[in-house]
Amino acid sequence: MPSERTLRIASAIVAVLGMAVATYITIADAGGGSPVCVAGGGGCETVAKSSYSHLAGINVAVFGVLGYIGLLGAAAVKDDRGRLAALLLSVIGFGFSAYLTYLELFVIDAICQWCIGSAILMTISMLIAITRAAGYLGALPPASPDMPDRQAPPESLD
């Protein structure tokens, strides 16, 4: 089992990558366009111009940016609050990504590689959050000078 520190670092890296992808989609939409598909074919444009690309007038990528910011914040918290926040945010993000992927495949009939990339990153975030919660939920963070009575569990927390 990786240390919690390793899981938090991995979670932060995935969150930053996810923020980059979701921000790119958001900026493309704000400029009146759509993200450029790497493989061509126009799938990104078709998805971006569909009625499903906005929720209450807001591009769904904005919700992705906010979710990834929340995951980055949760990665910075060394206790159960961070573990549970990461788990909750990633499960919600995974569910929303799965729904959007379903729409791409079966309703819109087009694939946006950037959207799929974000869905993959959210899936990885969820797997890391599950691992972190399963391995360390209830564990105290390492003792600090201002809280010397807190003791870390055996060697697993950094």
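This note goes through the predicted model point by point, from the overall fold to single residues.

1. Overall fold. The protein chain has five helices and two strands. Their order along the sequence is α-α-β-β-α-α-α.

2. Of the 158 residues in the protein chain, 37% are buried. Take the contacts with a separation of 6 or more: 71% of them join residues 24 or more positions apart.

3. Surface. The protein chain exposes about 8,400 Å² of accessible surface. Carbon and sulfur atoms account for 69% of that area.

4. The disulfide. The whole structure holds one disulfide. Its partners are Cys 37 and Cys 44, with sulfur atoms 2.2 Å apart. The S-S torsion is about 110 degrees, so this disulfide is right-handed. Cys 37 is buried, at 13% relative accessibility. Cys 44 is buried too, with a relative accessible area of 1%.

5. Cys 112 is in no disulfide, and the nearest cysteine sulfur, that of Cys 115, lies 3.1 Å away. Cys 115 is likewise in no disulfide, and its nearest cysteine sulfur is that of Cys 112. The cut-off for a disulfide is 2.5 Å between the sulfur atoms, and the Cys 112 sulfur is 3.1 Å from that of Cys 115. Cys 112 is buried, at 1% relative accessibility. Cys 115 is partly exposed, at 23%.

6. Helix H3. This helix covers residues 60-76, which is 17 residues. Its end C-alpha atoms are 25 Å apart.

7. Which residues of H3 are buried? They are Val 60, Ala 61, Gly 64, Val 65, Gly 67, Tyr 68, Leu 71, Ala 74 and Ala 75. An α-helix has 3.6 residues a turn, so residues three or four places apart point the same way. Such spacing can be looked for among the buried positions of H3, including Ala 61, Gly 64, Tyr 68, Leu 71 and Ala 75. The partners of the buried residues of H3 are helices H1 (4-30), H4 (80-108) and H5 (113-136), along with strands S1 and S2 (58-59).

8. A nonpolar surface patch. Seven side chains are listed in this patch: Tyr 52, Tyr 99, Tyr 102, Leu 105, Phe 106, Val 107 and Ile 111. Together they have about 700 Å² of accessible area. Tyr 52 belongs to the loop between helix H2 (43-49) and strand S1 (54-55). Tyr 52 counts as partly exposed, at 35% relative accessibility.

9. Positive phi at Ala 56. Phi of Ala 56 is near 55 degrees, a positive value in a residue other than glycine. Ala 56 sits in the loop between S1 and S2. Is Ala 56 buried or exposed? Ala 56 is exposed, at 79% relative accessibility.

10. Positive phi at Asp 109. Asp 109 is not a glycine, yet its phi is positive, near 65 degrees. The loop between H4 and H5 holds Asp 109. With a relative accessible area of 65%, Asp 109 is exposed.

How values were computed:
Residues are numbered from 1 along each chain as its sequence is written. This is a predicted model: local features need pLDDT of at least 70, side-chain atom pairs count only at pLDDT 80 or more; totals for chains, interfaces and linings use all residues. Side-chain values use heavy atoms; hydrogens and water are left out. Helices (H or I, at least four residues) and strands (E, at least two) are DSSP runs, numbered from the N terminus. Buried means under 20% relative accessible area, exposed over 50%, partly exposed in between (1.4 Å probe, protein chains only). Contact means heavy atoms within 4.5 Å. Accessible areas come from the Shrake-Rupley method with a 1.4 Å probe; for residues, only the protein chains shown count as cover. Patches are made of residues with over 30% relative accessible area and no salt bridge: like charges are joined within 9 Å, nonpolar side chains (Val, Leu, Ile, Met, Phe, Trp, Tyr) within 5 Å. A salt bridge is a side-chain nitrogen of Lys or Arg within 4 Å of a carboxyl oxygen of Asp or Glu. The expected span of a helix is 1.5 Å times one less than its number of residues.
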